[in-house]
Amino acid sequence: KVFGPIMVLWFSALGVLGVSFIVKDPAVLEAVNPVYGARFFAGTWDDDVAVFDTATWSAPSRLVPPKTDAYKAVQGLAVRADGQRLAVGAKDGTLRIWDPSASRLAHTLVGQAEGQAQWVNDAAWLPGDRLAAVGNDLTLRIWDAAAGRQLSVLHGHTGSVTCAAASPDGRRLYTGAGDGTVRAWDLETLDPARWVWPLGAN
């Protein structure tokens with residue numbers, strides 16, 4: 001006699017909590033939307049990005065940037081959490097922002113010096129539609145991706161910065177570089193020196 005009412009209360013509490021979380025962050029519903037789970041992206045040496053549809057496994061479509069004389073093979077990709085923007089770092093020193101659903105190039109961000117030696121190696125999306133990019137010029141750059149405007153240029157690494165990843169809460173950014181260190185950046189204070197872990201010469 002007691003078990004039934006307890007289960008009703010238990011599942012009612014779960015339902016209330018679940019609805020409250022959905023109201024707080026509706027983006028969680030994207031987890032059950034096949035649109036967000038049916039595509040993946042692959043950069044190519046031919047400057048473009050192949051878009052694969054895993055529901056059909058048909059021939060991939062392509063995101064092709066305007067052709068120039070610069071060598072801009074893809075170095076790194078970062079997909080925004082909602083799947084509606086794709087950041088592409090390239091060997092011409094640019095960071096291209098795509099709307100993959102419309103196959104439209106939204107912005108081309110130029111921060112790292114142009115030329116093959118100043119590659120954009122990786123990128124990571126941050127809260128507030130900001131984007132972090134790292135490259136061979138030893139910098140970490142924070143962009144307003146919607147406006148196409150550079151917000152900050154941060155220094156700390158002494159070797160080419162090769163990778164970047166944001167913490168789940170968006171408060172910190174982790175970067176690895178050819179100087180043999182991993183750095184954790186506080187995205188509120190933009191302090192590069194609080195957490196540095198040496199991992200070796202390479």
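Arg62 is partly exposed, with a relative accessible area of 43% (partly exposed sits between buried, under 20% relative accessible area, and exposed, over 50%, using a 1.4 Å probe and protein chains only). It belongs to a predicted model, where local features need pLDDT of at least 70, side-chain atom pairs count only at pLDDT 80 or more, and totals for chains, interfaces and linings use all residues. Residues are numbered from 1 along each chain as its sequence is written, and side-chain values use heavy atoms, with hydrogens and water left out. Here's a quick tour, starting with the whole protein.

**The big picture**

- The protein has 1 helix and 15 strands (helices are DSSP runs of H or I with at least four residues, strands are runs of E with at least two, and both are numbered from the N terminus).
- Out of 202 residues, 38% count as buried.
- The protein exposes about 11100 Å², and carbon and sulfur atoms supply 60% of that (accessible areas come from the Shrake-Rupley method with a 1.4 Å probe; for residues, only the protein chains shown count as cover).
- Take the contacts between residues at least 6 apart in sequence: 31% of them join residues at least 24 apart (contact means heavy atoms within 4.5 Å).

**Salt bridges**

- You'll find 8 salt bridges in the structure (each is a side-chain nitrogen of Lys or Arg within 4 Å of a carboxyl oxygen of Asp or Glu).
- One of them brings Arg62 together with Asp48, at 3.5 Å from N to O. This pair links distant parts of the chain: Asp48 is in the loop between strand 1 (39-43) and strand 2 (49-53), while Arg62 is in strand 3 (residues 61-63), 14 residues apart.
- The Asp48 end is buried, at 9% relative accessibility.
- Arg104 and Asp99 also meet through their side chains, at 4.0 Å from N to O. Arg104 is partly exposed at 40%, whereas Asp99 is buried at 12%.
- Shared partners also tie Arg80, Asp82 and Asp129 into one salt-bridge network. Within it, the side chains of Arg80 and Asp82 come to 2.8 Å, N to O, and Asp82 is partly exposed at 23% relative accessibility.

- Strand 1 and strand 2 run antiparallel, joined by 5 bridges (two strands pair if DSSP finds at least two bridges between them).
- These two strands make a hairpin with 5 residues between them, and Asp47 in the turn has a positive phi of about 85°.
- Phe40 has Phe52 in strand 2 as its bridge partner.
- Strand 2 is also joined to strand 3 by 3 bridges, again antiparallel. Here Val51 is partnered with Ser61 in strand 3.
- Ala50 sits in strand 2 and is buried, with 5% relative accessibility.
- Leaving out residues up to four places away in sequence, Ala50 touches a set of residues that includes Phe40, Phe41, Pro60 and Arg62.
- Ala50 and Val64 are 14 residues apart in sequence, and their C-alpha atoms are 8.9 Å apart in space.

- Four strands form an open sheet in the order 4-5-6-7, with antiparallel pairing.
- Its edges are strand 4 (74-79) and strand 7 (104-110), and each pairs on one side only.
- From one strand to the next, the twist averages 20° (axes are lines fitted to C-alpha atoms, for helices over the stretch in contact, and angles run from 0 to 180 degrees between N-to-C directions).
- Strand 6 (residues 94-99) is held to strand 7 by 6 bridges, running antiparallel.
- Trp98 stands opposite Leu105 in strand 7.

**A nonpolar patch**

- Trp10, Phe11 and Leu14 make a nonpolar surface patch of about 350 Å² (patches are made of residues with over 30% relative accessible area and no salt bridge; like charges are joined within 9 Å, and nonpolar side chains, meaning Val, Leu, Ile, Met, Phe, Trp and Tyr, within 5 Å).
- Trp10 lies in helix 1 (residues 3-24).

**Cys163**

- Cys163 is in strand 12 (residues 161-166) and is partly exposed, at 35% relative accessibility.
- Not counting residues up to four places away in sequence, Cys163 touches Asp122, Val134, Tyr174, Thr175 and Gly176.
- Cys163 and Gly135 are 28 residues apart in sequence but 8.4 Å apart in space, C-alpha to C-alpha.
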